[in-house]
Amino acid sequence: MVAADNLKITSESPTFELISYLKERQKLCEKALDIAVPLGYPDKIYESMRYSLLAGGKRIRPILCLATCEMLGGSVDMAMPTACAMEIIHTMSLIHDDLPAMDNDDYRRGKLTNHKVYGENIAILAGDALLAFAFEHIAAKTQQVPAERVLKVVAHLAKACGADGLVGGQVVDLESEGKTDTSLETLDYIHTHKTGALLEACVVCGGVIAGASPENLQRLSTYAKNIGLAFQIIDDILDITATQEQLGKTAGKDLQAQKVTYPSLWGIEESQKQAQKLIDAACEELAPFGEAAKPLIALAHFITSRNH
Ligand code: GRG
(Lines give C-alpha, C1' and ligand atoms only; values in the text may rest on other atoms or scores of the structure.)
Protein backbone atom coordinates (compact mmCIF):
# COMPACT_ATOMS: atom_id res chain seq x y z
CA MET A 1 0.00 0.00 0.00
CA VAL A 2 1.22 3.54 -0.72
CA ALA A 3 0.86 4.74 2.81
CA ALA A 4 1.20 7.91 4.82
CA ASP A 5 4.68 7.20 6.18
CA ASN A 6 6.15 7.83 2.72
CA LEU A 7 5.52 11.58 3.01
CA LYS A 8 8.02 14.42 3.05
CA ILE A 9 5.43 16.55 4.71
CA THR A 10 4.62 18.48 7.79
CA SER A 11 1.19 20.02 7.92
CA GLU A 12 0.94 23.82 8.00
CA SER A 13 -1.22 23.47 11.09
CA PRO A 14 1.23 22.33 13.78
CA THR A 15 -1.40 21.07 16.19
CA PHE A 16 -2.91 18.72 13.63
CA GLU A 17 -1.23 15.31 13.30
CA LEU A 18 -1.76 14.75 9.60
CA ILE A 19 0.39 11.65 9.25
CA SER A 20 -1.35 9.67 11.97
CA TYR A 21 -4.71 11.00 10.77
CA LEU A 22 -4.00 9.78 7.22
CA LYS A 23 -2.84 6.38 8.46
CA GLU A 24 -5.93 5.90 10.59
CA ARG A 25 -8.27 7.05 7.79
CA GLN A 26 -6.49 4.91 5.16
CA LYS A 27 -6.97 1.88 7.40
CA LEU A 28 -10.69 2.63 7.87
CA CYS A 29 -11.19 3.06 4.12
CA GLU A 30 -9.23 -0.11 3.25
CA LYS A 31 -11.45 -2.13 5.57
CA ALA A 32 -14.68 -0.61 4.26
CA LEU A 33 -13.64 -1.19 0.62
CA ASP A 34 -12.65 -4.79 1.33
CA ILE A 35 -16.07 -5.46 2.86
CA ALA A 36 -17.97 -3.49 0.18
CA VAL A 37 -16.66 -5.58 -2.73
CA PRO A 38 -16.32 -9.23 -1.64
CA LEU A 39 -15.41 -12.10 -3.94
CA GLY A 40 -18.33 -13.68 -5.82
CA TYR A 41 -19.41 -15.44 -8.99
CA PRO A 42 -18.18 -15.12 -11.73
CA ASP A 43 -14.84 -15.38 -9.90
CA LYS A 44 -12.80 -13.66 -12.56
CA ILE A 45 -14.71 -10.38 -12.60
CA TYR A 46 -14.73 -10.04 -8.80
CA GLU A 47 -11.03 -10.90 -8.61
CA SER A 48 -10.26 -8.31 -11.26
CA MET A 49 -12.36 -5.63 -9.48
CA ARG A 50 -10.67 -6.35 -6.15
CA TYR A 51 -7.20 -6.54 -7.72
CA SER A 52 -7.30 -2.84 -8.63
CA LEU A 53 -9.51 -1.62 -5.80
CA LEU A 54 -7.31 -3.10 -3.06
CA ALA A 55 -3.97 -2.29 -4.71
CA GLY A 56 -3.21 0.59 -2.34
CA GLY A 57 -3.30 4.23 -3.31
CA LYS A 58 -3.41 7.24 -1.06
CA ARG A 59 -7.22 7.06 -0.58
CA ILE A 60 -7.30 10.85 -0.70
CA ARG A 61 -10.79 10.97 -2.23
CA PRO A 62 -12.68 9.00 0.45
CA ILE A 63 -10.65 10.74 3.15
CA LEU A 64 -11.72 14.15 1.78
CA CYS A 65 -15.35 13.03 1.71
CA LEU A 66 -15.30 11.79 5.32
CA ALA A 67 -13.41 14.88 6.55
CA THR A 68 -15.90 17.26 4.94
CA CYS A 69 -18.88 15.44 6.37
CA GLU A 70 -17.33 15.53 9.85
CA MET A 71 -16.38 19.21 9.55
CA LEU A 72 -20.08 20.00 9.06
CA GLY A 73 -21.25 17.92 11.99
CA GLY A 74 -21.94 14.61 10.21
CA SER A 75 -20.37 11.26 11.12
CA VAL A 76 -17.98 8.84 9.42
CA ASP A 77 -20.75 6.21 9.30
CA MET A 78 -23.11 8.54 7.42
CA ALA A 79 -20.50 9.26 4.72
CA MET A 80 -18.66 5.93 4.42
CA PRO A 81 -20.76 4.38 1.60
CA THR A 82 -20.33 7.56 -0.47
CA ALA A 83 -16.63 7.77 0.42
CA CYS A 84 -16.17 4.16 -0.77
CA ALA A 85 -18.08 4.94 -3.95
CA MET A 86 -15.67 7.81 -4.68
CA GLU A 87 -12.66 5.48 -4.42
CA ILE A 88 -14.45 2.78 -6.45
CA ILE A 89 -15.13 5.27 -9.26
CA HIS A 90 -11.57 6.62 -9.06
CA THR A 91 -10.30 3.03 -9.39
CA MET A 92 -12.50 2.25 -12.40
CA SER A 93 -11.28 5.44 -14.08
CA LEU A 94 -7.68 4.32 -13.53
CA ILE A 95 -8.42 0.86 -15.01
CA HIS A 96 -9.95 2.39 -18.13
CA ASP A 97 -7.30 5.13 -18.36
CA ASP A 98 -4.56 2.47 -18.43
CA LEU A 99 -6.10 0.50 -21.32
CA PRO A 100 -4.22 0.29 -24.64
CA ALA A 101 -6.97 2.40 -26.28
CA MET A 102 -6.28 5.20 -23.78
CA ASP A 103 -2.95 5.81 -21.98
CA ASN A 104 -1.66 2.27 -22.53
CA ASP A 105 0.15 1.80 -19.23
CA ASP A 106 1.69 -1.38 -17.82
CA TYR A 107 1.97 -0.32 -14.17
CA ARG A 108 -0.35 1.30 -11.67
CA ARG A 109 -0.02 1.59 -7.91
CA GLY A 110 3.21 -0.40 -8.14
CA LYS A 111 1.54 -3.41 -9.77
CA LEU A 112 0.80 -4.59 -13.31
CA THR A 113 -2.27 -2.84 -14.69
CA ASN A 114 -5.60 -4.63 -14.66
CA HIS A 115 -5.64 -5.48 -18.39
CA LYS A 116 -2.07 -6.86 -18.17
CA VAL A 117 -3.26 -9.38 -15.59
CA TYR A 118 -6.86 -10.12 -16.65
CA GLY A 119 -6.92 -9.11 -20.33
CA GLU A 120 -8.55 -6.09 -21.96
CA ASN A 121 -12.05 -7.57 -22.10
CA ILE A 122 -12.20 -8.27 -18.36
CA ALA A 123 -10.53 -4.94 -17.48
CA ILE A 124 -13.23 -3.04 -19.40
CA LEU A 125 -15.95 -5.07 -17.69
CA ALA A 126 -14.34 -4.68 -14.25
CA GLY A 127 -14.44 -0.90 -14.76
CA ASP A 128 -18.08 -1.06 -15.84
CA ALA A 129 -19.03 -3.26 -12.88
CA LEU A 130 -17.23 -0.98 -10.40
CA LEU A 131 -19.01 2.09 -11.82
CA ALA A 132 -22.45 0.50 -11.51
CA PHE A 133 -21.64 -0.88 -8.06
CA ALA A 134 -20.55 2.54 -6.74
CA PHE A 135 -24.06 3.92 -7.24
CA GLU A 136 -25.71 0.76 -5.91
CA HIS A 137 -23.55 1.04 -2.79
CA ILE A 138 -24.57 4.64 -2.06
CA ALA A 139 -28.27 3.93 -2.62
CA ALA A 140 -28.37 0.62 -0.74
CA LYS A 141 -25.98 1.23 2.17
CA THR A 142 -26.33 4.87 3.23
CA GLN A 143 -27.99 5.08 6.63
CA GLN A 144 -29.17 7.88 8.92
CA VAL A 145 -29.14 10.35 6.03
CA PRO A 146 -32.42 11.83 4.68
CA ALA A 147 -33.31 10.34 1.28
CA GLU A 148 -33.28 13.72 -0.49
CA ARG A 149 -29.62 14.22 0.49
CA VAL A 150 -28.76 10.77 -0.90
CA LEU A 151 -30.54 11.67 -4.16
CA LYS A 152 -28.50 14.89 -4.39
CA VAL A 153 -25.30 12.91 -3.87
CA VAL A 154 -26.20 10.45 -6.65
CA ALA A 155 -27.06 13.27 -9.08
CA HIS A 156 -23.89 15.25 -8.28
CA LEU A 157 -21.63 12.21 -8.58
CA ALA A 158 -23.23 10.98 -11.82
CA LYS A 159 -22.67 14.40 -13.40
CA ALA A 160 -19.03 14.38 -12.24
CA CYS A 161 -18.49 11.03 -14.00
CA GLY A 162 -20.09 11.81 -17.36
CA ALA A 163 -19.50 13.95 -20.45
CA ASP A 164 -19.48 17.09 -18.30
CA GLY A 165 -16.94 15.54 -15.93
CA LEU A 166 -14.30 12.79 -16.08
CA VAL A 167 -15.37 11.49 -19.49
CA GLY A 168 -15.30 15.00 -21.02
CA GLY A 169 -11.86 15.69 -19.54
CA GLN A 170 -10.53 12.40 -20.84
CA VAL A 171 -11.88 13.06 -24.36
CA VAL A 172 -10.20 16.47 -24.60
CA ASP A 173 -7.02 14.97 -23.13
CA LEU A 174 -6.98 12.25 -25.81
CA GLU A 175 -7.61 14.86 -28.52
CA SER A 176 -4.71 16.99 -27.34
CA GLU A 177 -2.13 14.18 -27.44
CA GLY A 178 0.77 15.01 -29.76
CA LYS A 179 -0.40 18.63 -30.12
CA THR A 180 2.17 21.20 -29.06
CA ASP A 181 -0.23 24.16 -29.30
CA THR A 182 -2.70 23.16 -26.55
CA SER A 183 -3.79 26.40 -24.82
CA LEU A 184 -3.80 27.01 -21.08
CA GLU A 185 -7.60 27.22 -21.32
CA THR A 186 -7.79 23.71 -22.84
CA LEU A 187 -5.33 22.38 -20.27
CA ASP A 188 -7.48 23.83 -17.48
CA TYR A 189 -10.58 22.25 -19.07
CA ILE A 190 -8.89 18.83 -19.19
CA HIS A 191 -7.83 18.90 -15.58
CA THR A 192 -10.85 20.55 -13.99
CA HIS A 193 -12.88 17.74 -15.60
CA LYS A 194 -10.57 14.73 -15.65
CA THR A 195 -9.16 15.17 -12.13
CA GLY A 196 -11.05 18.08 -10.53
CA ALA A 197 -14.63 16.89 -11.01
CA LEU A 198 -14.28 13.80 -8.81
CA LEU A 199 -12.32 15.62 -6.10
CA GLU A 200 -15.02 18.30 -6.10
CA ALA A 201 -17.72 15.65 -5.82
CA CYS A 202 -15.92 14.05 -2.84
CA VAL A 203 -15.93 17.30 -0.90
CA VAL A 204 -19.36 18.60 -1.94
CA CYS A 205 -21.08 15.22 -1.40
CA GLY A 206 -19.49 14.98 2.06
CA GLY A 207 -21.11 18.36 2.75
CA VAL A 208 -24.47 17.34 1.26
CA ILE A 209 -24.61 14.26 3.50
CA ALA A 210 -24.03 16.44 6.55
CA GLY A 211 -26.80 18.83 5.45
CA ALA A 212 -24.59 21.82 4.53
CA SER A 213 -26.28 25.09 3.53
CA PRO A 214 -26.12 26.27 -0.12
CA GLU A 215 -23.60 28.95 0.93
CA ASN A 216 -21.36 26.38 2.59
CA LEU A 217 -21.67 24.01 -0.38
CA GLN A 218 -20.44 26.87 -2.59
CA ARG A 219 -17.43 27.38 -0.31
CA LEU A 220 -16.70 23.64 -0.36
CA SER A 221 -16.95 23.55 -4.14
CA THR A 222 -14.47 26.44 -4.52
CA TYR A 223 -12.08 24.82 -2.02
CA ALA A 224 -12.25 21.55 -3.93
CA LYS A 225 -11.84 23.08 -7.40
CA ASN A 226 -8.70 24.85 -6.21
CA ILE A 227 -7.18 21.75 -4.63
CA GLY A 228 -8.15 19.73 -7.73
CA LEU A 229 -6.17 21.96 -10.04
CA ALA A 230 -3.25 22.12 -7.61
CA PHE A 231 -3.34 18.30 -7.38
CA GLN A 232 -2.96 18.05 -11.16
CA ILE A 233 -0.15 20.64 -11.34
CA ILE A 234 1.76 18.59 -8.76
CA ASP A 235 0.93 15.40 -10.69
CA ASP A 236 2.49 16.95 -13.82
CA ILE A 237 5.59 17.98 -11.86
CA LEU A 238 5.93 14.50 -10.33
CA ASP A 239 5.67 12.94 -13.79
CA ILE A 240 8.98 14.74 -14.52
CA THR A 241 10.75 14.64 -11.16
CA ALA A 242 9.67 11.38 -9.45
CA THR A 243 10.83 7.84 -10.14
CA GLN A 244 8.68 4.90 -11.24
CA GLU A 245 9.12 3.41 -7.74
CA GLN A 246 7.78 6.58 -6.08
CA LEU A 247 4.88 6.92 -8.53
CA GLY A 248 3.98 3.23 -8.79
CA LYS A 249 3.45 3.84 -12.53
CA THR A 250 5.60 4.69 -15.53
CA ALA A 251 7.32 8.08 -15.05
CA GLY A 252 7.85 10.58 -17.88
CA LYS A 253 4.64 9.58 -19.69
CA ASP A 254 3.61 13.17 -20.54
CA LEU A 255 6.88 13.93 -22.32
CA GLN A 256 6.68 10.61 -24.13
CA ALA A 257 3.11 11.35 -25.30
CA GLN A 258 4.19 14.91 -26.25
CA LYS A 259 1.54 16.34 -23.99
CA VAL A 260 1.42 20.00 -23.04
CA THR A 261 1.50 20.17 -19.22
CA TYR A 262 1.69 22.94 -16.63
CA PRO A 263 5.47 22.54 -16.19
CA SER A 264 5.96 22.52 -19.98
CA LEU A 265 4.11 25.88 -20.15
CA TRP A 266 5.41 27.52 -16.97
CA GLY A 267 8.49 25.58 -15.85
CA ILE A 268 8.68 23.59 -12.62
CA GLU A 269 9.32 26.46 -10.20
CA GLU A 270 6.43 28.62 -11.46
CA SER A 271 4.16 25.56 -11.51
CA GLN A 272 4.96 24.97 -7.84
CA LYS A 273 4.16 28.61 -7.05
CA GLN A 274 0.84 28.41 -8.90
CA ALA A 275 -0.08 25.22 -7.03
CA GLN A 276 0.72 26.91 -3.72
CA LYS A 277 -1.44 29.92 -4.65
CA LEU A 278 -4.36 27.61 -5.39
CA ILE A 279 -3.92 25.83 -2.05
CA ASP A 280 -3.84 29.16 -0.20
CA ALA A 281 -7.02 30.26 -1.98
CA ALA A 282 -8.64 26.90 -1.15
CA CYS A 283 -7.82 27.26 2.55
CA GLU A 284 -9.22 30.82 2.69
CA GLU A 285 -12.63 29.41 1.74
CA LEU A 286 -12.60 27.37 4.93
CA ALA A 287 -11.96 30.30 7.29
CA PRO A 288 -15.61 30.43 8.51
CA PHE A 289 -15.36 26.82 9.75
CA GLY A 290 -12.56 27.66 12.24
CA GLU A 291 -10.88 24.79 14.10
CA ALA A 292 -13.18 22.21 12.50
CA ALA A 293 -11.49 22.86 9.15
CA LYS A 294 -8.05 21.69 10.31
CA PRO A 295 -8.19 18.27 8.61
CA LEU A 296 -9.27 19.76 5.25
CA ILE A 297 -6.60 22.47 5.52
CA ALA A 298 -3.91 19.90 6.30
CA LEU A 299 -5.13 17.71 3.41
CA ALA A 300 -4.84 20.70 1.05
CA HIS A 301 -1.21 21.25 2.09
CA PHE A 302 -0.53 17.53 1.73
CA ILE A 303 -1.44 17.84 -1.95
CA THR A 304 1.38 20.28 -2.73
CA SER A 305 4.02 18.60 -0.60
CA ARG A 306 3.43 14.97 -1.62
CA ASN A 307 6.21 13.13 -3.46
CA HIS A 308 4.11 10.35 -5.01
C1 GRG B 1 -15.84 7.76 -14.67
C2 GRG B 1 -17.44 6.84 -16.38
C3 GRG B 1 -16.08 7.24 -16.03
C4 GRG B 1 -15.12 7.12 -16.98
C5 GRG B 1 -13.69 7.42 -16.78
C6 GRG B 1 -10.79 7.03 -18.13
C7 GRG B 1 -11.59 8.19 -17.71
C8 GRG B 1 -13.08 8.15 -17.94
C9 GRG B 1 -11.05 9.26 -17.10
C10 GRG B 1 -9.64 9.36 -16.67
C11 GRG B 1 -9.58 9.91 -15.28
C12 GRG B 1 -8.18 9.89 -14.72
C13 GRG B 1 -7.43 8.62 -14.75
C14 GRG B 1 -7.69 11.01 -14.15
C15 GRG B 1 -6.36 11.11 -13.49
C16 GRG B 1 -6.58 11.41 -12.04
C17 GRG B 1 -5.33 11.29 -11.22
C18 GRG B 1 -4.54 12.53 -10.99
C19 GRG B 1 -4.99 10.10 -10.71
C20 GRG B 1 -3.96 9.87 -9.71
O21 GRG B 1 -4.60 9.98 -8.46
P22 GRG B 1 -3.89 9.66 -7.10
O23 GRG B 1 -2.53 10.31 -7.08
O24 GRG B 1 -3.69 8.09 -7.22
O25 GRG B 1 -4.81 10.00 -5.98
P26 GRG B 1 -3.78 6.97 -6.07
O27 GRG B 1 -3.18 5.75 -6.71
O28 GRG B 1 -3.01 7.44 -4.87
O29 GRG B 1 -5.23 6.76 -5.78
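Helices (H or I, at least four residues) are DSSP runs, numbered from the N terminus. This is a predicted model, in which local features need pLDDT of at least 70 and side-chain atom pairs count only at pLDDT 80 or more, while totals for chains, interfaces and linings use all residues. Residues are numbered from 1 along each chain as its sequence is written, and side-chain values use heavy atoms, with hydrogens and water left out.

**Helix H7**

- Val-150, Val-153, Leu-157, Ala-160 and Cys-161 of H7 are buried; buried means under 20% relative accessible area, exposed over 50%, and partly exposed in between (1.4 Å probe, protein chains only).
- Seen down the axis of H7, these buried residues fall within an arc of 95°, so they line one face of the helix; the arc is that of the directions from the helix axis to the C-beta atoms.
- The buried residues of H7 pack against H4, helix H6 (120-141), helix H8 (166-176) and helix H9 (184-210).
- On the face turned away from the buried side, H7 carries the exposed residues Ala-147, Glu-148, Leu-151, Lys-152 and Lys-159.

**Thr-82**

- Thr-82 belongs to helix H4 (residues 76-97) and is buried, with a relative accessible area of 1%.
- Neighbours within four places in sequence aside, Thr-82 is in contact (heavy atoms within 4.5 Å) with Cys-65, Ile-138, Thr-142, Val-153, Cys-205 and Ile-209.

**Cysteines**

- The structure holds zero disulfides, a disulfide being a pair of cysteine sulfur atoms within 2.5 Å.
- For Cys-202, the closest cysteine sulfur is that of Cys-65, at 6.1 Å, which is too far for a bond.
- Cys-205 is likewise in no disulfide, the nearest cysteine sulfur being that of Cys-65, 6.7 Å away.
- Cys-202 is buried, with a relative accessible area of 0%, and Cys-205 is buried with a value of 0%.

**Aromatic pairs**

- Three aromatic pairs are present in the structure; rings of Phe, Tyr and Trp (its six-membered ring) pair if their centres lie within 6.5 Å, with planes under 30 degrees apart counted as stacked, over 60 as edge-to-face and the rest as tilted.
- One of them joins Tyr-51 and Tyr-118 in an edge-to-face arrangement, 5.6 Å centre to centre with 70° between the planes.
- Tyr-51 lies in helix H2 (residues 43-53) and Tyr-118 in helix H5 (residues 114-118), so the pair ties together parts that are 67 residues apart in sequence.
- Tyr-51 is buried, with a relative accessible area of 16%, and Tyr-118 is buried, with a relative accessible area of 16%.

Conventions: Helices (H or I, at least four residues) and strands (E, at least two) are DSSP runs, numbered from the N terminus.
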